[in-house]
Amino acid sequence: MGTKLKNIGLVGLGMIAGVIVMGTQLDAMAQKNATGTPLPLEELRQLSEVFGLIKSDYVEPVDDKKLLTEAISGMVSSLDPHSAYLDKKAFKELREGTQGKFVGLGIEVGMEDGYVKVISPIEDSPAYRAGIKAGDLITRLDSTPVKGMTLDEAVKKMRGEPNTKITLTIARKDEDKPIIITITRQEIRVQSVKAKMVEPGYAWLRVSQFQEPTVDDMAKKIAALYAQDPNLKGLVLDLRNDPGGVLPGAIGVSAAFLPKDVVVTSTNGQLPDSKATFYARREFYATRAVGDPLAKLPEALKKIPMVVLVNSGSASASEIVAGALQDYKRATIMGTQTFGKGSVQTIRQLSADTAVKLTTARYYTPNGRSIQAKGIVPDLMVDETADGDGLNGLRLREADLQKHLSNDKDKGPEVHADVDAPAEEARLAALEKKRKPLEFGSADDFQLTQALNHLKGLPVVLSKVKAEAKKEEPSINKPKTEPKAEPKNGDKK
């Protein structure tokens with residue numbers, strides 16, 4: 001990717017051992033003296049004094065580079081949950097992650113109660129083969145307790161060189177004692193798109209993460225589906241537990257189903273170049289110099305009845321897709337409320353191998369809705385199982401993160417995770433023990449079954465509790481007007 005990474009925006013949660021980049025090109029030089037205000041000399045003098053005191057008075061010598069690096073890291077991370085300093089290792093991992101590969105264990109992770117929670121092991125990865133399960137809590141990495149680490153710090157420790165080992169201590173809900181597993185790190189190649197015919201005439205298309213190859217891979221999968229059945233009756237686009245990724249991927253997936261040239265998303269920030277609009281056009285989603293990966297897709301794809309499945313693990317780029325398809329009434333959004341990450345992170349390269357990841361803008365749906373700290377409320381609220389949404393209802397969302405950005409469009413109360421009473425949480429945990437881990441796209445996938453029922457005109461089993469919650473917030477995802485395509489000469493790149 002080379003110099004492109006000097007100025008690149010991010011829209012991912014970073015749930016697969018690192019963050020994923022989008023293609024917003026912002027001018028790094030514009031950041032200098034952007035406010036036109038003088039430097040705070042008194043505060044800088046104090047910083048210099050503290051630096052000197054540590055050098056002269058601390059109990060043991062401290063390296064200059066370590067002090068300054070930690071100062072930068074603390075300054076950036078104090079802003080919001082998604083801004084961070086990227087050292088040499090983290091910056092290298094980010095570049096690898098955009099290409100759908102990295103060296104690690106092969107698990108999608110998040111944080112829960114201060115521990116690393118396994119969202120799901122990646123199929124055929126070292127973690128998958130070692131028996132790591134969705135819902136496992138990682139309490140130690142080698143001999144180091146996870147409690148007190150940030151997610152980024154834990155992810156860095158799980159990453160490493162190929163063929164090196166790491167020992168995980170795991171708490172599993174159906175086990176009385178901790179489980180100790182040693183795993184050898186390997187290069188992980190994430191296949192971000194899966195597809196299959198689930199019933200005659202009905203297809204399932206899953207995007208688990210938005211990467212550079214996603215649009216090309218999706219086009220190939222769709223072409224294969226139509227080769228199996230040229231007269232598809234309905235399509236389920238599965239974005240559950242999709243933490244986000246590259247913005248061109250989100251635009252391309254949206255563009256496959258929307259009319260050409262319509263607005264997919266827009267961004268707004270302090271810099272003039274952060275006020276941008278992104279359209280369903282080749283130049284906004286094609287990563288190759290020539291050719292349009294969507295050009296040969298059947299025209300019927302633009303009109304095929306669709307359901308988009310989302311849940312509280314659907315974030316950022318996946319929320320862009322769900323929001324765009326919802327605003328244009330192109331698809332029925334089904335599932336549970338999404339994570340609510342509506343901010344753009346931009347990479348500012350500091351040296352050949354270090355950078356800062358800085359929040360520079362919020363992004364919006366075609367109707368101008370801000371997703372930040374709100375998320376997408378489905379048109380049809382459907383729990384993960386017939387018995388309820390299980391522990392999904394207890395997941396943290398953007399609004400639960402400390403120092404999160406507010407929603408600048410909707411000043412109403414932010415939507416937080418449903419934190420149940422301890423007794424109810426224990427009940428849900430007991431239910432989780434009794435059922436096997438859900439495999440998306442399988443015959444046991446309750447939400448997929450309800451999506452197919454909707455496409456066929458059959459009754460859908462709705463979540464009664466969440467359906468009532470949706471009625472109380474009609475302003476979040478009930479656009480009053482239909483968005484219109486912007487004129488072609490109105491581009492902002």
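The model is predicted, so local features need pLDDT of at least 70 and side-chain atom pairs count only at pLDDT 80 or more, whereas totals for chains, interfaces and linings use all residues. Residues are numbered from 1 along each chain as its sequence is written, and side-chain values use heavy atoms, with hydrogens and water left out. The chain has 13 helices and 21 strands, taken as DSSP runs numbered from the N terminus (helices H or I, at least four residues; strands E, at least two).

**Burial and cores**

- Of the 493 residues of the chain, 52% count as buried, where buried means under 20% relative accessible area, exposed over 50% and partly exposed in between, with a 1.4 Å probe and protein chains only.
- The largest nonpolar core holds 55 residues, of which Phe210, Leu237, Phe257, Leu301, Met306, Val308 and Leu325 touch the most other members; such a core is a set of buried Ala, Val, Leu, Ile, Met, Phe, Trp, Tyr and Cys residues joined through side-chain atoms within 4.5 Å.
- Leaving aside residues up to four places away in sequence, Leu325 touches Leu237, Ser254, Phe257, Leu258, Met306, Val308, Arg330 and Ala331, a contact being heavy atoms within 4.5 Å.
- A second, separate core of 21 residues includes Ile107, Val118, Ile132 and Leu151.
- Helix α7 (residues 247-255) is mostly covered, with nine of its nine residues buried, and among them is Ser254.

**Salt bridges**

- The whole structure contains 13 salt bridges, each defined as a side-chain nitrogen of Lys or Arg within 4 Å of a carboxyl oxygen of Asp or Glu.
- Glu49 pairs with Arg45, the closest N and O atoms being 2.3 Å apart, and both residues lie in helix α1, four residues apart, about one turn of the helix.
- Glu49 is partly exposed at 44% relative accessibility, and Arg45 is partly exposed at 38%.
- Arg172 forms a salt bridge with Asp136, with the closest N and O atoms 2.8 Å apart; because Arg172 lies in the loop between β9 (165-171) and β10 (179-184) and Asp136 in the loop between α4 (126-130) and β7 (137-141), the pair ties together parts that are 36 residues apart in sequence.
- Arg172 is buried, with a relative accessible area of 14%, and Asp136 is buried, with a relative accessible area of 1%.
- Salt bridges that share partners join Arg206, Asp238, Arg240 and Asp445 into one network.
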